[in-house]
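Please look through the sequence and the structure below. A short report follows, one topic at a time.

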Amino acid sequence: MKTTTGAPVGDPAVGAPGAGPSPRRRLGLSEGALQTLLLFGFLVLVAAYFTSRDPDFLTSRNAVNILVNASVIGIVSLGQLFALVSGGFDLSVGGIVPLGGVGFALLVNADYGVLPAVVLVLAAGGVWGVVNGLLIAKARINPLIATLGTLSVTGGLALTLADGVQVPFVDVADGVLTRRQLFDVNNHVWIFLGLAVVVFLVLRYTSYGRQLYAVGGNKQAARLAGIRVDGVTVIVYVVSGALAALAGAVLASQLLTGSGTAGTNSGLQSITAVILGGAALSGGVGGVPGTVIGVLILGALANGMAILSVPSFYQTMATGAVLLVAVGISQFRSSRRAAS
Amino acid sequence: MDAGTPALSVDGLGKQYGRQRVLESVSFSLRRGEVAALLGENGAGKSTMAKVLAGAISPDHGTVAVDGRPVTFASPRSALLQGISFMPQELIYVPRLTVAENICLGRLPGRLGSTSPRAIRRRAQDEAQTFDLDLPLDRSMDSLPLAQQQQVEILKALARRSRILLLDEPTAALSSRDSDQLLQLTTTLAARGVAVLYISHRLDEVFRVCDTAHVLRNGRLVSSSPVRDTSPREVIEHMLGRPPEEIDFSSEARPQSRPVLELTGWHRDRIPALRDVSLVVGEGEIVGLYGVRGSGAETIAETLGGLHADVTGGTVVSGRPLRHLSTPLAAHRAGISYVPADRKSQGLVAILPIVQSLSLAVLRSLTRLGVVRRRREAAAAAGLAEQVQLRARSLTQPVGELSGGNQQKVLVGSRLAAKPKVLVLQEPTRGVDVGARLELHRLLRALADEGTGQLLVTSDVEEAVGLSDRLLVVRDGRIVHEITHPTHASQPEALQAAGGPE
């Protein structure tokens, strides 16, 4: 039975802060920081488990491995974070990642140069983002359905461009994003971490970030406060689309080929990572630190299972299970939020 | 009727959350056919009391007895089976089912799981006739206005032979005409032996229909007396724990001031329609706009907030004619700040901290190169919080954790941040307790004294006459009456003009 108020909060007018101080308040932590800490604890647990099964797990080489493999989904997840905070979804990343990969490979092979190719790929992803954004903000199509549609279109487009086959880089030694490394760590990792920092700053310190959380928290109230809700929403999907396309280019560089079938499950994985990182399906909640740890947990799980020679279809099942558990926890938290 | 045993008796009831005592040894009883009011400020324990009786939560101490038999409610369902029905503020029904189906829900006619629309309709019809209610039985529930939905819900309770009815602020969102109908129904039920516990903020209603008034303060029952032996003033005193202050905030005659808002010939064809609405709000003036639900008064407020693009007519703010007012952003840019009626769904983002809620509408002015200047923002928020006398643990607390009154203060504060030329307030104290209401009224008056012109759109006649310098009454989309310097004595005049009871 749903009633108007949950547990009485007491009357703040009399200065009663409700029930006794919670543990986190005594530690002086914000709720978000506490969640991130707990999540990090979980990551440590996962690492400890795999290390106990195979000491090779906890080596710096393997850590870099995990990071390199996670960087593709990491970049997609940073965009997905925008979508989930806004109260939406972006399933189309599962089509834009392969599209970005194939497009990047074709452009590099056509001698456009790496940097112009990256820019063009980013722009193409952004254009698909505009399509998503307009479908959702202007045509008022449910984000799930809108991006499901564009997922199919972009995925098909990737396969068409690749003509049903792979597009290997002609000159592997030259130009592909992997060539240079910094501190012995693959550039892909630096791209991911650099973007994570940028997104963190954007969400936390810019007025766009503020508006995004407000729109996700209560669209109508945000609109009445004079925020251009439609504009904010379109930008969400532009960012998500552009980052997904970039992730496609990174993935192609790792595989040394643009493939219309690589990265098709990045929708599921990125949503799992972001929700695992503390975002709420209802919008308005979520952040970069949690998302990054969520990505690393998924990466550690995949890597650990690979080391233990678990067949890859079990890994797919594990990702699905993690998603369901993460959503369950997220729903539990929002029902508690609603009750207090 | 057995006069000896009360229909409901509550003895020594206590409930504690953590270290906070929400209810402390509360005892009272309810006779059959009695309408008793449960009064108190927000947080006094009214809702907890209602939830205990409805079986939603179980008490730590004390007993509840129905017809003299002690009962324990394990769940809302068992409370229902004991004959207690609870009607919360936010109704719970199945929107897509018809009225008849909703009435019969849970006890459909027929057997072996088969039923027929005709049997359902017949049963609903019987129930409605028993209580002289005229309801559109074949329409879907969500197409009904709130007042009728409530009647359906009450009928549903009665159809289950409930002998005890708990009503939680049933008239909070009703127009005065609809409220009257509901109050009428309440007395009819009482006359048939139903015991009614009526939770309300509206003292005028309590004094019209209730036999007894129980007042809670900080979880304790501080007074219980027949209403004929007490007065609204005395009840307010019990609720507040101190004598009420003078609530008439309308100011003395004001010299003709410079107009800050002028509407000319506003017209709208869609329902609720507007017909040739013209009005002027002067600098430092509070102009009240009073009308029942659907009269068009709300539409005027919403249009000024940028929510209706289909209104035609002239709008001048501080001498500058506006070309359009079709989005909330356009309204903000024109210098109009709009405080919507529903703070939960339209006003505030519950999960945002207070600081960010206060700065939301003025982010642009607090931003340099896209980056929010946090120190400025914090300073601005602190200033606003003080101006509206916000009571909160800290300004980083999510605004959703605050009491209704404090949430409303944040909402008003967020609109003041823009230093508006004119402030449009829609139902600024709806669902707010007496103390916070007084503070909000004082705040609005102080703002007016500093020169902020205000258009106060309200369906609360007491507020309309108590706060306005000039009161305009809206009926069927037209301004039909004007009262300059309204006083409490103007209430009947305003009600009459709005089409309320004679």
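## A helix in chain A and what follows it

G87(A) comes after helix α3 of chain A, and its phi is positive, near 95°. This is a predicted model, so every value here is computed from predicted coordinates.

Helix α3(A) spans residues 60-85 and bends by about 45° at S71(A). The helix is mostly covered, with 19 of its 26 residues buried.

## Chain A as a whole

Chain A holds 13 helices and four strands. It has 340 residues, and 50% of them count as buried. Take the contacts in chain A with a separation of 6 or more: 78% of these join residues 24 or more positions apart.

Now pick out one residue, L115(A), in helix α5 (residues 114-137) of chain A. Is L115(A) buried or exposed? L115(A) counts as exposed, because it has 9 C-beta neighbours inside 10 Å, and a residue with 12 or fewer is classed that way. T319(A) lies 204 residues from L115(A) along the chain, and their C-alpha atoms are separated by 33 Å.

## How confident is the prediction?

For the complex, the predictor gives an ipTM of 0.81 and a pTM of 0.76. Chain B has an average pLDDT of 85, and 93% of its residues score at least 70.

Which elements of chain B have the lowest and the highest mean pLDDT? Helix α2 (residues 76-81) of chain B has the lowest, at 75. Strand β19(B) has the highest, at 96.

## A six-strand sheet in chain B

Chain B contains an open sheet of six strands, in the order β6-β7-β8-β3-β9-β10, with mixed pairing. Its edge strands are β6 (84-87) and β10 (220-226) of chain B, and each pairs on one side only. On average, neighbouring strands of this sheet are turned by 15° against each other, direction ignored.

Four bridges link β6(B) to strand β7 (residues 164-168) of chain B, in the parallel sense. Within that pair, F86(B) stands opposite L166(B) of β7(B).

## A four-strand sheet in chain B

Another open sheet has four strands, ordered β12-β11-β14-β15 (chain B), and its pairing is antiparallel. Its edges are β12 (274-282) and β15 (320-321) of chain B. Each has a single partner strand, so one side of each has no neighbour in the sheet.

Strand β14 (residues 312-317) of chain B joins β15(B) through two bridges, and the two run antiparallel. Which residue of β15(B) is the bridge partner of V317(B)? The partner is R320(B).

## A strand covered on both faces

In a regular strand, side chains alternate between the two faces of the sheet. Strand β16 (residues 336-339) of chain B is covered on both faces. I336(B) and Y338(B) are on one side, S337(B) and V339(B) are on the other, and all are buried.

Strand β16(B) runs parallel to β19 (residues 422-426) of chain B, and four bridges join them. In β19(B), V424(B) is the bridge partner of Y338(B).

Methods: Residues numbered from 1 in each chain as written. Chains lettered and ligands numbered in written order. Predicted model: local features only at pLDDT ≥ 70, side-chain atom pairs only at ≥ 80, totals over all residues. Buried ≥ 20, exposed ≤ 12 C-beta atoms within 10 Å, placed from the backbone. Pairing = 2+ DSSP bridges. pLDDT = per-residue confidence, 0-100. Bend = angle between axes of the 7 residues up to and from the residue. Axes fitted to C-alpha atoms, helices over the stretch in contact; angles between N-to-C directions. Contact = placed C-beta atoms within 7 Å.
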